[in-house]
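Biologist: I have the model open and would like to walk through a few spots with you. Could we start at the surface?

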Amino acid sequence: MKYESVRLEKGMYGVPGKSFAQVLEGLDPSDGYAGTPLEGLDAYQRQLKRFDIRVGGPSSDKIEKFFQTGDSAALFPEYVSRAVRQGMEQANLLPDLVAATTQIESLDYRTITSDPGEDDRSLKPVAEGAQLPQTGVTVKDKLVKLNKRGRMLAASYEALRFQRLDLFTVTLRQIGSAIARSQLSDAIAVLLSGDGGDEPAETVAAAGTTPVYGDLINLWSGLSPYTLNTMLASTAAMKDLLSIAEFKDATAGLNFQGTGKLISPLGAKLLHAPQMEAGKIIGLDKTCALEMVQAGGVTTDSDRLIDRQLERTAVSVTAGFARLFDGAVRVLTYGA
């Protein structure tokens with residue numbers, strides 16, 4: 001099998017525009033394993049099998065198993081990246097907010113904007129021979145702010161050599177969860193205040209100090225012609241919403257008890273964002289409200305992971321957000 005003869009080295013992490021997994025897949029394509037016992041494994045998983053490294057379950061290996069040879073040591077940064085990504089995916093609300101994700105290879109990026117008027121949105125009939133109305137699409141004058149989020153692994157190899165990989169994976173997933181929560185905070189800030197922090201979203205004021213069903217109807221109607229399909233609320237706001245009589249509907253309760261997913265009476269998906277401030281509920285059309293810009297994926301300091309075996313190694317993700325259509329976001333405010 002070809003995977004048994006692939007030469008692994010830390011230089012595979014430095015190929016421009018490609019991740020370690022993509023470089024490895026190019027050297028050992030998964031298509032060649034169709035119909036074999038290794039079908040369904042990617043190139044990295046085949047390398048784990050090659051060196052008999054078990055990263056999960058009660059019989060997982062100790063961390064030192066990665067460092068038995070120079071080749072197997074080159075697999076360790078990818079293991080760290082995958083475990084962090086798993087944690088990010090488990091705690092990630094962004095797929096329910098982001099309309100489009102853009103991958104870039106620099107730190108400078110401008111998104112596009114289009115602000116059609118009411119006449120443009122209505123698409124009135126065009127007389128025969130007449131020119132079709134235009135919708136202008138331009139590049140924004142402000143750069144999308146990218147934030148680097150991450151953690152430093154400050155543990156020595158000696159301190160961890162007798163720990164199982166399954167336990168270490170739990171720690172890495174928690175790092176991923178923390179990164180995902182931080183990115184959600186960045187996304188919320190852009191939804192509320194715009195790309196540059198000086199373009200606040202339009203607001204709908206509640207009639208009283210706590211929201212009632214009529215306020216949600218006003219939020220829904222204020223978002224027109226966009227569709228209210230997602231709502232973000234803090235812990236305190238969630239308590240206020242769940243106290244509204246219409247949220248106590250028996251069918252909605254059964255859905256929450258059976259799946260753990262909250263749904264609003266208006267059909268919008270209700271997301272819990274503890275980092276939001278109280279007194280605000282964000283309503284948006286997730287199909288056109290927010291763009292996520294990523295400068296690469298999960299980045300690890302591969303040299304240190306391989307050569308120094310975990311001595312102060314950085315794990316980070318660089319990403320930012322841009323509001324696409326300003327009208328696709330509204331904020332319900334209430335309280336004093």
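Biologist: Which residues make the nonpolar surface patch?

Modeller: I112, V137 and V139 make a nonpolar patch of about 280 Å², where patch residues have over 30% relative accessible area and no salt bridge (a Lys or Arg side-chain nitrogen within 4 Å of an Asp or Glu carboxyl oxygen), and nonpolar side chains are joined within 5 Å. Areas come from the Shrake-Rupley method with a 1.4 Å probe. This is a predicted model, in which local features need pLDDT of at least 70, side-chain atom pairs count only at pLDDT 80 or more, and totals for chains, interfaces and linings use all residues. Residues are numbered from 1 along each chain, and side-chain values use heavy atoms, leaving out hydrogens and water.

Biologist: And where is V139?

Modeller: V139 lies in strand β3, residues 138–139, strands being DSSP runs (E) of at least two residues and helices runs (H or I) of at least four, numbered from the N terminus.

Biologist: Is V139 buried or exposed?

Modeller: V139 is exposed, at 53% relative accessible area; exposed means over 50%, buried under 20%, and partly exposed in between.

Biologist: Changing topic, which residues of α1 are buried?

Modeller: In helix α1, residues 20–27, these are F20, V23 and L24. They sit on the same side of α1, because they cover an arc of only 95 degrees around the axis, taken from the directions from the axis to the C-beta atoms.

Biologist: Which peptide bond is cis?

Modeller: The bond from S224 to P225 is cis, with omega near 15 degrees, and P225 is in the loop between α8 (213–222) and β6 (230–233).

Notes: Patches are made of residues with over 30% relative accessible area and no salt bridge: like charges are joined within 9 Å, nonpolar side chains (Val, Leu, Ile, Met, Phe, Trp, Tyr) within 5 Å. Buried means under 20% relative accessible area, exposed over 50%, partly exposed in between (1.4 Å probe, protein chains only).
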